[in-house]
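This report covers the contact between two chains and the fold of one of them. The sequence and structure come first.

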Number of protein chains: 2
Amino acid sequence: MTKPIIEAAITELIMCSSSSSSSSSMARGAKSLCMAELGCSSGPNTLIVATEFVKIVSQLCHKHGHDQLPEFQIQLNDLPGNDFNSIFKSFAPSFHAQLLQELGSSAPYCFLSGVPGSFYGRLFAAKSLHFVHSSYSLMWLSKVPERVEMNKENIYIASTSPESVITAYYEQFQRDFSTFLRCRSEEVMGGGRMVLTLLGRKSESASSKECCYIWELLALSLKELLSQGLIEEEKLCSFNIPQYTPSLSEVNTEVEKEGSFTINRLQLSEIAWAACSGNGLCSPEYSKNGVDDGYNVAKCMRSVAEPLLVEHFGESVIDQLFENYRNILSDRMSKEDTKFVNVTVSMTKKE
Amino acid sequence: MTKPIIEAAITELIMCSSSSSSSSSMARGAKSLCMAELGCSSGPNTLIVATEFVKIVSQLCHKHGHDQLPEFQIQLNDLPGNDFNSIFKSFAPSFHAQLLQELGSSAPYCFLSGVPGSFYGRLFAAKSLHFVHSSYSLMWLSKVPERVEMNKENIYIASTSPESVITAYYEQFQRDFSTFLRCRSEEVMGGGRMVLTLLGRKSESASSKECCYIWELLALSLKELLSQGLIEEEKLCSFNIPQYTPSLSEVNTEVEKEGSFTINRLQLSEIAWAACSGNGLCSPEYSKNGVDDGYNVAKCMRSVAEPLLVEHFGESVIDQLFENYRNILSDRMSKEDTKFVNVTVSMTKKE
């Protein structure tokens with residue numbers, strides 16, 4: 001769903017910079033293009049957009065008679081605990097092989113590097129990036145907001161959360177997202193593009209079911225552990241998920257406030273919970289084959305939430321927790337139309 | 001021993017580029033300096049020279065009244081099997097902490113990245129590097145030379161190696177080292193510096209004892225395994241170490257032939273085998289404390305040669321092999337003055 005937006009951003013980057021932009025390196029005749037994938041993880045998705053980037057630019061160069069392809073720098077960022085070794089040993093060779101297969105002997109130089117660190121701080125040299133992409137990472141806050149003690153047995157914003165909790169979450173999002181934009185505004189060169197997809201919401205209300213329900217059901221699973229005596233109430237009350245799923249207007253507001261980027265596209269998309277297949281890729285067909293949707297969604301959520309849960313509740317309750325979660329998810333998904341909402345924003349760095 | 005050469009190269013890079021050089025980014029007022037550590041490994045040595053680089057440049061900037069420090073890009077390269085995760089999780093935080101401690105609040109931005117791949121190919125974007133360093137990596141060839149079947153039970157160039165074997169090794173070194181220089185000549189900007197230290201030799205003869213003896217003793221250890229029936233003769237005869245330890249004039253010849261770099265310094269240094277302490281750092285005092293020199297040198301050689309030996313002879317003989325090696329080393333080191341010879345070359349990329 002976001003592919004056309006990514007393709008448009010890359011195409012505009014190249015086409016616009018070939019004509020008017022003074023600071024874009026292609027326009028200057030420089031020989032290299034640099035992209036960053038923020039929150040790259042280590043798996044089959046790590047290099048998907050990088051592959052598109054190289055392919056689209058190469059095809060555009062051929063189409064417009066540029067014999068000499070630029071060199072590509074692909075900077076892969078995630079937190080220092082990410083498995084960069086796997087990227088370098090397994091996914092980088094497939095990336096190069098795929099480009100060689102698709103572009104043949106005209107495949108350009110692609111220099112991969114791993115960049116460890118939080119994207120809520122500076123990661124790259126000033127004015128060094130032409131294109132930035134991030135998918136499903138920016139809804140993660142830099143930390144759990146302060147002043148959310150009143151959230152009791154909720155683990156995220158919920159219908160029963162007091163207003164002060166919702167405000168604390170929103171203000172943390174504002175701080176983090178504006179920090180993110182300020183850092184990237186240093187690093188992206190004038191005319192450069194940035195496409196971000198994050199979990200978000202349609203409603204203006206941050207306690208809307210569309211964004212909170214998935215966590216409310218995990219809270220239910222935790223309460224089952226509580227009633228079984230497997231975790232303590234104090235532990236449950238002190239656990240909160242460091243995430244915020246903004247609306248289109250909240251994203252728009254922060255971008256305008258920070259002021260360094262112009263928004264080209266800002267759009268919502270929806271994807272059924274059931275589209276989370278077991279192999280980590282989204283495949284709506286997968287659930288048709290009798291595979292349990294609850295199992296797949298629980299596994300998908302486990303892959304993102306397990307480190308936080310283990311750190312707070314310990315390793316020993318995790319299997320039981322996700323067994324509870326799977327059963328609750330299966331039940332609700334059979335009765336309700338459950339969807340994730342995505343916000344995608346495509347921006348240009350002002351000159 | 002190489003520290004003064006590194007310090008001089010960095011100082012000249014900054015001082016020369018501030019005055020005359022047109023293509024150096026400091027002279028242009030650009031804000032970032034980029035260095036690459038080639039064959040960085042993952043350990044306490046990985047960031048030693050990077051730390052020096054940042055400190056020396058920062059001190060020079062302060063001394064000359066430049067209020068605004070440049071940003072630093074530190075690119076850490078090694079083969080894809082290197083443990084980049086450990087660098088990012090353990091050594092990168094200490095690096096940042098040390099700079100903060102030594103430079104205080106004026107510590108500049110340092111952006112670390114991991115760059116997987118062989119330095120006998122392109123690794124970085126064109127004209128992107130100001131400073132390149134490599135230590136104890138470039139004596140490793142890209143592969144065992146072809147046409148060394150006549151080397152029999154030798155595993156490296158030895159006094160009994162036929163002339164054709166020595167030629168095959170030397171030609172492989174020439175191909176590899178010139179490929180290395182050609183790749184770096186694309187990547188280092190005009191006026192940029194490169195300091196390389198590699199195992200080498202004083203003598204013009206490639207079968208000189210100073211460079212071959214350490215491997216001849218490993219070959220002796222392998223022959224003990226052969227006599228014990230633990231390895232097969234065919235296996236021993238087909239094993240050769242992909243290394244070449246050049247003389248000063250051989251290094252000089254390749255640099256001049258390639259033509260992109262001017263040599264500023266080219267010098268030999270010697271270090272006793274016994275200086276290989278157990279912790280991977282060189283400490284001449286270490287051997288005074290009754291620790292067995294043979295044990296330390298065997299351990300040091302095991303850390304570099306084990307992967308090659310395991311691949312060829314299998315895991316099961318390795319402990320016995322290095323036990324043999326340790327005993328042989330202890331015996332010889334008590335009777336002879338055994339030293340490694342290092343070649344260090346400091347170069348400037350021509351404009």
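## Salt bridges and polar contacts

In this predicted model, two salt bridges are found across the interface of chain A and chain B. In one salt bridge, the side chain of A:Glu71 meets that of B:Arg122, with an N to O distance of 3.0 Å. Polar contacts between chain A and chain B number 10 residue pairs, both residues being at pLDDT 80 or more.

Three elements of chain A, namely strand 2 (71-78), helix 3 (84-103) and strand 3 (110-116), each give at least two residues to the side that touches chain B. Strand 3 of chain A has the largest share of that side, with six residues. Sorted by class, the side of chain A that touches chain B holds 12 nonpolar, seven polar and four charged residues.

## Extent of the interface

Contacts join 23 residues of chain A to 23 residues of chain B. The area buried between chain A and chain B is about 1,900 Å², and carbon and sulfur atoms give 59% of this area. A:Asn85, A:Phe88 and A:Arg122 together supply 27% of what chain A buries against chain B, more than any other three residues.

## Chain A as a whole

Chain A has nine helices and seven strands. Its radius of gyration is 21 Å, close to the 20 Å given by the globule rule for 351 residues, so chain A is as compact as a globular protein of that length. The C-alpha trace of chain A spans about 70 × 45 × 35 Å along its principal axes.

Of the 351 residues in chain A, 54% count as buried. Among contacts in chain A with a separation of 6 or more, 80% are between residues 24 or more positions apart.

Definitions and conventions. Residues are numbered from 1 along each chain as its sequence is written. Chains are lettered from A and ligands numbered from 1 in the order in which they are written. Side-chain values use heavy atoms; hydrogens and water are left out. Contact means heavy atoms within 4.5 Å. Buried area is the accessible area (1.4 Å probe) that two parts lose on being put together, summed over both. A salt bridge is a side-chain nitrogen of Lys or Arg within 4 Å of a carboxyl oxygen of Asp or Glu. A polar contact is a pair of N or O atoms within 3.5 Å; within protein, one must be able to donate a hydrogen and the other to accept it, and residues adjacent in sequence count only if both atoms are side-chain atoms. Helices (H or I, at least four residues) and strands (E, at least two) are DSSP runs, numbered from the N terminus. Ala, Val, Leu, Ile, Met, Phe, Trp, Tyr, Cys and Pro count as nonpolar, Asp, Glu, Lys and Arg as charged, and the others, Gly among them, as polar. The radius of gyration is taken over C-alpha atoms; the globule rule is 2.2 Å times the number of residues to the power 0.38. Buried means under 20% relative accessible area, exposed over 50%, partly exposed in between (1.4 Å probe, protein chains only).
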